[in-house]
There are 2 protein chains.
Amino acid sequence: MAQWHHSPSAGLATVFTLDDILRASVSFISPSPSADASTHSHLPHAQKEQPDTPVLRLVKEARNKGYETICLPLTTQNWRDRWEGMCLLPSSPAQASALEIDKVEKTGENQDDFGAAHLTTDAEKKKKDRATAAEQWRARPGFLQDEVTITRIDEAEGITLMISDWLELDAEDDGIRHDAEIALQQELAYASYLHIQTAILPAPRNRSHVASYARVVNNCLKNTPYIYLSVRLPIYNPTILHTQAAPPVQSYAGPGLGISPDVTNASSSSLPSLLVSPVPSSPSGSASSEGEMNATWEMWDVIRSICDYNTRLTLTLDLTPPLPSKLGVLSKWAAESVRYIFLPASTFIANTKGYPVLPKPTQDFIRDCMIHRPTVILADVITNKHSRGGEVAYSQYVKFLEKTSAVVRNAHQSGTVEHFAQGYQDYLQAPLQPLMDNLQSMTYQTFEQDPVKYERYEEAIFRALQEWPAGQRVVCCIAGAGRGPLVTRCLSAIDRCKRDVSVYAVEKNPNAYVTLQQRKVREWGDRVKLLFGDMRLLEVPEPVDILISELLGSFGDNELSPECLDGAQRFLKPTGISIPSSYTAHLAPLSSSKLYNEARSGKNAQSLETPYVVMFQAVNILSGDKQEPGGRCGPQIQECWEFEHPRKDVILNTQGTPLTNNHNVRSARLRFWIPHAGVLHGLAGYFEAILYGNVGLSIHPHRKDVVSKDMLSWFPLFFPFKEPLYLPSGSELQVSIWRLTNERQVWYEWHAESFLMIMTTPGGKDELSMYSGGRQNLPSPTTIPSPLADDDAFFRTPAQSQKHLSQRAASLGGGGGYEVVKIGHTSLHNPGGRSSWIGL
Amino acid sequence: MAQWHHSPSAGLATVFTLDDILRASVSFISPSPSADASTHSHLPHAQKEQPDTPVLRLVKEARNKGYETICLPLTTQNWRDRWEGMCLLPSSPAQASALEIDKVEKTGENQDDFGAAHLTTDAEKKKKDRATAAEQWRARPGFLQDEVTITRIDEAEGITLMISDWLELDAEDDGIRHDAEIALQQELAYASYLHIQTAILPAPRNRSHVASYARVVNNCLKNTPYIYLSVRLPIYNPTILHTQAAPPVQSYAGPGLGISPDVTNASSSSLPSLLVSPVPSSPSGSASSEGEMNATWEMWDVIRSICDYNTRLTLTLDLTPPLPSKLGVLSKWAAESVRYIFLPASTFIANTKGYPVLPKPTQDFIRDCMIHRPTVILADVITNKHSRGGEVAYSQYVKFLEKTSAVVRNAHQSGTVEHFAQGYQDYLQAPLQPLMDNLQSMTYQTFEQDPVKYERYEEAIFRALQEWPAGQRVVCCIAGAGRGPLVTRCLSAIDRCKRDVSVYAVEKNPNAYVTLQQRKVREWGDRVKLLFGDMRLLEVPEPVDILISELLGSFGDNELSPECLDGAQRFLKPTGISIPSSYTAHLAPLSSSKLYNEARSGKNAQSLETPYVVMFQAVNILSGDKQEPGGRCGPQIQECWEFEHPRKDVILNTQGTPLTNNHNVRSARLRFWIPHAGVLHGLAGYFEAILYGNVGLSIHPHRKDVVSKDMLSWFPLFFPFKEPLYLPSGSELQVSIWRLTNERQVWYEWHAESFLMIMTTPGGKDELSMYSGGRQNLPSPTTIPSPLADDDAFFRTPAQSQKHLSQRAASLGGGGGYEVVKIGHTSLHNPGGRSSWIGL
């Protein structure tokens, strides 16, 4: 199998500050050009060995220490001073006056009685000059050479740029936002000139204007066609910030941009200049509210949505805040495009020996993040924050976390599905259509590698034969023998139980049938009788006791096992059985920006209405197993439907096959509880099958290890949604899925609706109707005994519902009721099988 | 102006029942074929005069009574009996046994001791026979001739078909649903064979399976390419239904369709067979909850969404339920595709004279519905429910309501914008680009028809001149004179105030400049000096006191008035003024399935990212004026930004024009309160301008009649959204809009996010976090004085926020807090001006 995407290991990076560069400059003695020329003139390439700028020396040192990536700020304090001088008002009027007076005194002018008046004129002139400078800059933005840290293309090589973090792209003030946008475009244009690949953007700070931040980022992606942008974002909004005093806000010096309501009072709100405190003041693992945990993700969701899931936009997750002890709410980051992890030395704690280590939740989170193969940016690691180990201890520790992460361990352990699937993670494959297409020998070979599946089949056949009435001759028929793996297993089972068994092997693929003939000659001899043809049409010489087939797809019935076995059932004795005897399809709601983008990038418009076979990796199952108090929802992964074989109640025609395929139509409506906010991108589909008795096959995430551990043959199915659906914390997702059929095809259609269950005040109907939407009565358990039929059909008496609502509310300690408010839906996917179907 | 769409008046229809047809059949004496032949053989067309089937006679009678449309059920009781016999189990096992015993006794067989056993066999055989019949029907669905009411193409002419109302397309049971779908397809195929244009579908009854109902409807639209389908729907879910006993549920006789969770317990839930009680038992105008009022609309929303807003899918609004006295919640139907109104005689009350009239709320609602030009289906009007007036009284009353509706009255009243706009309602027009394009004479002519606009301009000029310092000569310049309407008005104002005024008229359109030259020669003479050229480039011979322009678009600045006047400002004296002196842009969130479909049907993919000029009709403004208790939201229609002229603080180049256009960048973020659930399809854009003093122009719906009543020149602007956004009752919509610019273009970008403000329990943080999403702290008014800056930025101390939340909760009588939960967003529209821009 080919390697499809990102490098198999995480990277390490270090980040330099302006101070680091300044120190390097001070200690840097420029090599004399003449000495240089005399010594190295015959070795032009050797000049590289002796870096000739401070930045080059810093980079070389970092590379020697093993860092693959070096992060560097692009602009110097000079640029900040110039920009602020042009675009911002002095931070207070008093300061401004003081500055002006200072200036006036120094120049020694206007020391007469009219000083004040002259001062005003002078101040106005300064203001005008500043405004003119700003406007000239806006007309032609550009740097002076001492405003940037690097000027040469060799200095920029392999550098990840840190964009000026004082740029407030989401400032309250329209003017500051606008000038920050121009400054950002200027930095990116310069970075692009220097052939820099990636720039890390300052974190958004202001939920109110995150749409503006996002619009700017989208514009930059459009204007700088090749650069990758990464949004730095603290993993959540830490409580610790709330206790910090906010610095005074900057005021815009430019012309007012109208009287937009959001602008006029901008300067009255406070805005902290630091998003994340480097020294956490609250203990690690302290309880944080759902809202705090969600706040930064919610901003990210707005940003990447406004940027239309641009693949050049990634995340730099800042792990400065201490992580909570339960990571459930953080699992959402698995579904996002995390490219960097920012990890300052301050996040590390000292172990008993004084070496830097990470708290347990941070360890676990970083291990989980290894599915993204991120580059870990170690910051502030040269200042000896920890007594032992030195700088190298931090890198070693991160490498240790990588090696001990589940994803890396599994990938290296042969026999696991993760090892088998290397390179196929999150890669979309069209499901096989073995009924319509004749499979290739290579395809058979791949699936025959599965040791577990065939072992399970042999065990099922063995048990069925053992339990068969003693003394009877048994007729087995392998329907769909392929290249013969089940024939071999069937013969092994027969050998083990020493029964009198006849074996027929049916196959419709003429190419595979050649292999079967050869194996009969070389291996099986008279023990097996081969029959060539479609099991739905061909005749078997004698009635069959055990019909053995391997026609299952990732979703159970999706390769038309029900229809094929319906057709083969006619040669089964009335007492005959089928292996498998039944199978079920299962679904869970999924978030994955990667899979959404992959599905979107398909060749045609229908690519988002087609199920795919996928080995999931950068995904997050949105549903929770823990029941919400209402008890309306099922578990995290829910069953859709079942097929059983043989099927007795179907009306047959004179050929013994079903008159119509209507009995194989199915539908399911499932309710999922969404504990943490996320974006629905699709549904994960799984199957379970009972082969015989308690021998089964399963790819259900919760049960596969019990039923058929390390089975390799099936990756899950992915049903994409065309429009991502936002699901708030505590919402309910109702998924409808249909299996439909006509004379020639079988297909699935799917759809989802979202609801929010909200609490209402004890008796205040008026307030209630002001705060929430359509009231849907919860059903009364006295009229509907089954929780599965416990629907929100609205034909209930209000008295019944009110009583029940009150009971629920009382049991929760509150005095109010509940309402289920509809909040969104997707479109219907694949109507009429227009985008995807399976041929009969 | 051309008529663009539907007929200018509503239609009338009557509906016949199976009983009506039966009665017509009984009283019908078929004309003898021989007599027919002898009498009419020389007049082949005269046969039509004497209808030769009961249905034809009923239709002829109805047409004679003035009904344009006749509604008829297609299938007879025979079909229902056959379908139920095949597809349903007898309603209880006891009944089934009784039936079988009855049958056994009649045949006189098996009266021995083994009767029970034989009985079982016999019952099983019957069951098998029924199942076989059903399966044969499913394989080849079709009617017998006595199962349908019409068989001939002439009988079907002009008929609107009522689909069998006992078909449960949303039954709990998968099998019943599936067989109902086959039966529906069969009816529609037959209707299509008879060339019937429209069929009315039975109402959905079951919120839980409305997605299945909708999927079936979508499939029918696909399979029957020309037919129009109309979903019958009670206008809301009336409380009265809740007190009715539900009839026993039907059980499916076919093979089980798997064990899907929704199926297994289907028979245990109750399902009423009638959605709407014909005799309301609760008084009209009684209080109904928001949920009851929304329930059926919510189902409609799912249906039309799943059907992807198919234009062949319409609504038949059933007005059987009594309407509430406040119609606010019902205004949502204005935005939907209402084609029929079902109005039974039972909805009418008797006036003091005994004539049938409608309750006031129903009158108002039907008058409002006239924007749809619906066909009103009068039902059950021949049974003399009211003592006076007879059948004709109902039709006359409906015609009276039509004539007295605002939309019909305005359309007929010359001078109103509604009269002027006839044929242009809900028709999307690309906004003019008068700067980039030179307008046609016909376009000038249309706009010069506006009597109000130019009267306002004359008044503004008159007042400005009157208030000008006495004795001074005044220089006026009309910037963008077009064909000269403002020149004429300016001269009138000068004549009225008798001042010494010089008038310059600037125009850049060379074609219009010919008209100006001609008017100067014929009308104005030396009073006016003409200048040819772009106002941003040309020189005016002397400094100007009053700069007069009419460069405004529907959204104020959207025809680049700011940029043009910036360029013209250079020839204004420092004391000079501009008419208009300022203008503002305003927005409101809008729902309209018609506009959504119109925008979608545009030629290219960008048609949903372009603003349009539209005369709104079938629309609903989603925002409410009544403040929600949190006080976070603005009014129903909100101001985005303002432009003022002349502008003093802009940095100019040596030519006197601005160095850059950055000062004309704008952005706004607006918060709208959504009282009733609806679907956001776009934004309505309006402008207001101050010409001079208190003389203005306005198309703001709340103020236009005060400021500039009956002004015709501007229809509102419509900013569409690509993806309809569902907004629950009590939600908050945050709209971001940006006015952006580069050297060559100006464009708008827009985006929206939705939130739900929900109540939480008094102290239960755990319960709270289980029921709701990201907690966003409400800001404390002590730190942020302005309500406009009152943002949900999350950098507040928890203590501050908690205190404020508690204060708010206490003021509402509850003990809990509030949370603002994000529930959805749109994409960013028109990024970088990729789909629409205005050329500079």
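The following dialogue examines a predicted model through questions and answers.

Student: What mean pLDDT does chain A have?
Tutor: The model is predicted, and its confidence is reported residue by residue. In chain A, 80% of the residues reach a pLDDT of 70 or more. For the complex, the predictor gives an ipTM of 0.86 and a pTM of 0.87. The mean pLDDT of chain A is 83.

Student: Over which residues of chain A does pLDDT stay under 50, with 70 contacts beyond four places in sequence?
Tutor: Where pLDDT is low, the predicted coordinates should not be read in detail. One stretch of chain A with pLDDT under 50 is residues 239-248, for which the model has 24 contacts beyond four places in sequence. The stretch with 70 such contacts is residues 259-287.

Student: Among contacts in chain A between residues at least 6 apart in sequence, what percentage join residues at least 24 apart?
Tutor: Chain A contains 24 helices and 29 strands. Of its 840 residues, 60% count as buried. Among the contacts in question, the share joining residues at least 24 apart is 82%.

Student: Is A:Lys453 buried or exposed?
Tutor: A:Lys453 lies in helix 17, residues 451-466 of chain A. Beyond its neighbours within four places in sequence, A:Lys453 is in contact with A:Glu550, A:Leu697, A:Met711, A:Ser713 and A:Trp714. Its relative accessible area is 5%, so A:Lys453 counts as buried.

Student: Which side chain is joined to that of A:Asp534 by a polar contact of 2.8 Å?
Tutor: A:Asp534 is placed in the loop between strand 15 (528-532) and strand 16 (544-549) of chain A. At 17% relative accessibility, A:Asp534 counts as buried. The polar contact of 2.8 Å joins its side chain to that of A:Arg536.

Student: With which side chain does the side chain of A:Glu550 make a polar contact of 2.5 Å?
Tutor: UniProt places the feature "active site" at A:Glu550 and A:Glu559, in an unreviewed entry. A:Glu550 is found in the loop between strand 16 and helix 20 (561-568) of chain A. Leaving aside neighbours within four places in sequence, its contacts include A:Tyr454, A:Tyr457 and A:Gly480. The polar contact of 2.5 Å is with the side chain of A:Lys453.

Student: What is the relative accessible area of A:Glu559?
Tutor: A:Glu559 lies in the loop between strand 16 and helix 20 of chain A. Leaving aside neighbours within four places in sequence, A:Glu559 is in contact with A:Leu432, A:Pro434, A:Leu551, A:Leu552 and A:Gly553. A:Glu559 is buried, and its relative accessible area is 15%.

Student: Which residue's side chain is joined to that of A:Arg739 by a polar contact of 2.8 Å?
Tutor: A:Arg739 lies in strand 26, residues 731-741 of chain A. At 0% relative accessibility, A:Arg739 counts as buried. Leaving aside neighbours within four places in sequence, its contacts include A:Asp557, A:Trp641 and A:Tyr748. The polar contact of 2.8 Å joins A:Arg739 to A:Glu563.

Student: With which side chain does B:Glu563 make a polar contact?
Tutor: In chain B, B:Glu563 is found in helix 19, residues 561-568. B:Glu563 is buried, with a relative accessible area of 6%. Among the residues in contact with B:Glu563, leaving aside neighbours within four places in sequence, are B:Arg536, B:Arg739 and B:Leu840. At 2.9 Å, the side chain of B:Glu563 makes a polar contact with that of B:Asn661.

Student: How many of the 20 residues of helix 7 of chain B are buried?
Tutor: At its start, a side-chain oxygen of B:Asp173 reaches to within 2.6 Å of the backbone nitrogen of B:Gly175. Just after the helix, B:His195 takes a positive phi of about 65°. The helix is largely enclosed by the rest of the structure, because the buried residues number 17 of the 20.

Terms used:
Residues numbered from 1 in each chain as written. Chains lettered and ligands numbered in written order. Heavy atoms only, no water. pLDDT = per-residue confidence, 0-100. Contact = heavy atoms within 4.5 Å. Helix = DSSP H or I, 4+ residues; strand = E, 2+ residues; numbered from the N terminus. Buried < 20%, exposed > 50% of the residue type's maximum accessible area, 1.4 Å probe, protein only. Polar contact = N/O pair within 3.5 Å; in protein donor to acceptor, adjacent residues only side chain to side chain. UniProt positions renumbered as here; feature names shortened; annotations may be inferred.
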